[in-house]
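Take a look at the structure below.

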Amino acid sequence: MGNIKCGAAIGDITPLENEFYGLEALQRRKIGGVIDPIHVRVISVYDGLERILFICFELDKAPYPDEYKKEIKVLFEVNIDNIFFLAAHVHSMPVLGDRTTDGPNNIAGKPEEVVTCTHNYEKRVHDIVISTVSRAIATEQDAVVGFSVGESYINVDRKCNYTYKDEAGNVHNLLALGQNRNSDINHEVNIVRFDDLQGHPLAFIVNYPVHCTVLHGNSVIDGKLGISADIAGFVSSNVEKRYKNAVCIWTSGAAGDINPAMMCELTYPNPENGEPKQEIMEGDTTYLLRNIGSQHLEDVSNAITNTKCSATTLLIKNEVRLCLSEGKSGQYIVQLHMIRVNDKAILGVSGELFGSYQKEIENIIGTNNIIVINHDCSLQFDSGYIPDKATMSEAECWLPGIGNKSNIVVSNFYDSFIKTVSEMYQSLFSTE
C-alpha cells in the first residue's frame, strides 16, 4: 500500500473528413460525417509499486487488445494484468480491429478501398492512443480517491414477451427486442473519483448498465450514418466541461440486455396482430440524445457531487482468469479481470453480461461493493453476449447474438462463472 498518484489524458480519434469515404460502421453502414467527436481516454493510477491503466475507447469494441497491451507493457513497464482495455460499446462508430467471426463486420470480406482506409485510420488511432497513455502517466500527481453510488432511470430491459398468431393461426410466445418497463433492472451509477490534494477533480470513472445506442441506425447526415459517441460521449464531454482539466471515462455495466429508454431504432407490438415490428426514425434524431443524455448527465453529476475523496493511500491487487466452459462447438471462453482498489473490486468482462449477472455476482461475494464493466478486451476473446438462464429457457427467442451463432451453453457457463468469480474475490480480499 502506498500514496496515490493519478494522471489522465484525452485523445481525439474522430475520423478526418478525407477518411469518411472508406470507413464503414456496424453492418457495413456508410458514414456521412460527424455529429460529435469521439475520443480515447486514459486514467493512470499508481501506488508506488503497481500502476493501473484504464484505457477506454468511444467505439463499440476496443481494437487489437492483445497487441496494444503487449506494446504498452514494453513502452511503459506496466503489468499487462493491470491494463483495462475498454470500449463504451457505442454503435454509431467506425468498425476497427480484427472481426474474423463477426460476419459483415469482418474486414476480410470488404472492398480494397475500405480495407486500405480502415488500416490507415487504425494506424493514426494507434499513435494517438500511445501518446495519450504517455501523457496520462506523465501527469500523475498526488491524489485522493473516493467511491459512491447514485441512480439513473434512463435504461430499460430490452427483452419483451410477444404473444401473437401467425397467418396459419399458430400462436407464438416470443421473446424479442422491445421495452419491458415492468422489469426490475439495475439503475445504479457507480462513481470512482480522484481529486488532487487541494480538492480539485483529476479524473472520474462512471459505470452504468446501458447500451450506447440512442443514435444506432441514424441517418442524420445526408441519409447516412452520423458518427456520435452517444450517451458515453455526451456525459464524459459535459462532465469535463464542468470540471476543467479533469478526465471522465464512461463505462458500460452489465447491460447485454439493457437499452436506453429512447433511441431511434424502435421495436414494438404490431397493432394488427401483436408480433414484433421494427422501424428506424429518419432525419435529425439528435434531439433524442440531447434529451436522454441530459437526464443521465444530471444523475451522474449528482453522484459525482456526493462522492467524497478521503483515501490518500492505495492498495492494488489483481487477478486475470479465463472462465472456461463446454460450449456448443468446443470450449467457450470469457476473460474475467478483477482488480482490488482499496475496498472496492472492479471486474472487467470480455463479453456482454446480461443485467441479472450483477445481482448474481453480488450474491456470490456477499456484498454490492463491486463494479462490473462489460467489453474489457472483448475482441481478444470471442465471448459475445452472455445471456442468463431465464432468457435461454424461452422456447422462442429472437434476441441479437443468441441462437445458432452463439457458442455459449449457459447452464455450463453459469457454474464455471460462479466458481471463478468467487475464487478471485476471495483471493484478492483475503485477510492473509
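Does glutamine 358 count as buried or exposed, and why? This is a predicted model, and the answer comes from its computed surface. Glutamine 358 has a relative accessibility of 8%. Buried means under 20%. Glutamine 358 therefore counts as buried. Its place is in helix α5. What does glutamine 358 contact, leaving aside its neighbours within four places in sequence? The partners are Asn186, Ala254, Ile370 and Val372.

Helix α5 covers residues 356-365 and packs with helix α7, residues 410-428. Two packed helices are described by the angle between their axes and the distance between the axes. For α5 and α7 the angle is about 45°, and the axes are 9 Å apart. The two helices are therefore oblique to each other. The crossing of α5 past α7 is right-handed. From α5, the contact uses Tyr357, Glu360, Ile361, Ile364 and Ile365. From α7, the residues include Phe413, Phe417 and Tyr425. By class, the residues of this contact are eleven nonpolar, one polar and one charged.

Next comes a sheet. Strands of a sheet pair through backbone hydrogen bonds, either parallel or antiparallel. Here, eight strands form an open sheet with mixed pairing. Trace them in the order β6-β5-β4-β2-β7-β10-β11-β13. The edge strands are β6 (83-87) and β13 (247-252), and each pairs on one side only. On average, neighbouring strands are turned by 20° against each other, direction ignored.

Look at one pair inside this sheet. Strand β7 (residues 141-151) and strand β10 (residues 188-196) run antiparallel and are joined by nine bridges. Opposite valine 144 stands aspartate 195 in β10. Helix α1 (residues 65-76) packs on the sheet, where it touches β5 (51-57) and β6. The direction of α1 makes about 140° with that of β6. Another helix, α4 (residues 286-305), lies across β7, β10, β11 (201-208) and β13. Helix α4 runs at about 50° to β10.

Stay with strand β5 for a moment. Isoleucine 55 lies in this strand. Is isoleucine 55 buried or exposed? Its relative accessible area is 0%, so isoleucine 55 is buried. Not counting residues up to four places away in sequence, isoleucine 55 touches Val40, Arg41, Val42, Ile72, Ile83, Phe84, Phe85, Leu86 and Val133. Take valine 40 from that list. Isoleucine 55 and valine 40 are 15 residues apart along the chain, and their C-alpha atoms are separated by 7.1 Å.

Return to helix α4. Its axis and that of helix α3 (residues 230-242) come within 9 Å and cross at roughly 50°. That angle makes α3 oblique to α4. The crossing is right-handed. Residues of α3 in the contact include Ile231, Phe234 and Val235. Among those of α4 are Leu289, Leu297 and Ile304. This contact has eight nonpolar, five polar and four charged residues.

Finish with a hairpin. Strands β15 and β16 form it, with six residues between them. Their pairing is antiparallel over five bridges, with β15 at residues 265-269 and β16 at residues 276-280. Proline 269 has proline 276 in β16 as its bridge partner. What is the phi of glycine 274 in the turn? The phi of glycine 274 is positive, at about 90°.

How values were computed:
Residues numbered from 1 in each chain as written. Predicted model: local features only at pLDDT ≥ 70, side-chain atom pairs only at ≥ 80, totals over all residues. Heavy atoms only, no water. Axes fitted to C-alpha atoms, helices over the stretch in contact; angles between N-to-C directions. Helix = DSSP H or I, 4+ residues; strand = E, 2+ residues; numbered from the N terminus. Parallel < 35°, antiparallel > 145°, perpendicular 65-115°, else oblique. Left-handed = near helix turned anticlockwise from the far one by under 90°. Contact = heavy atoms within 4.5 Å. Nonpolar A, V, L, I, M, F, W, Y, C, P; charged D, E, K, R; others polar. Buried < 20%, exposed > 50% of the residue type's maximum accessible area, 1.4 Å probe, protein only. Pairing = 2+ DSSP bridges.
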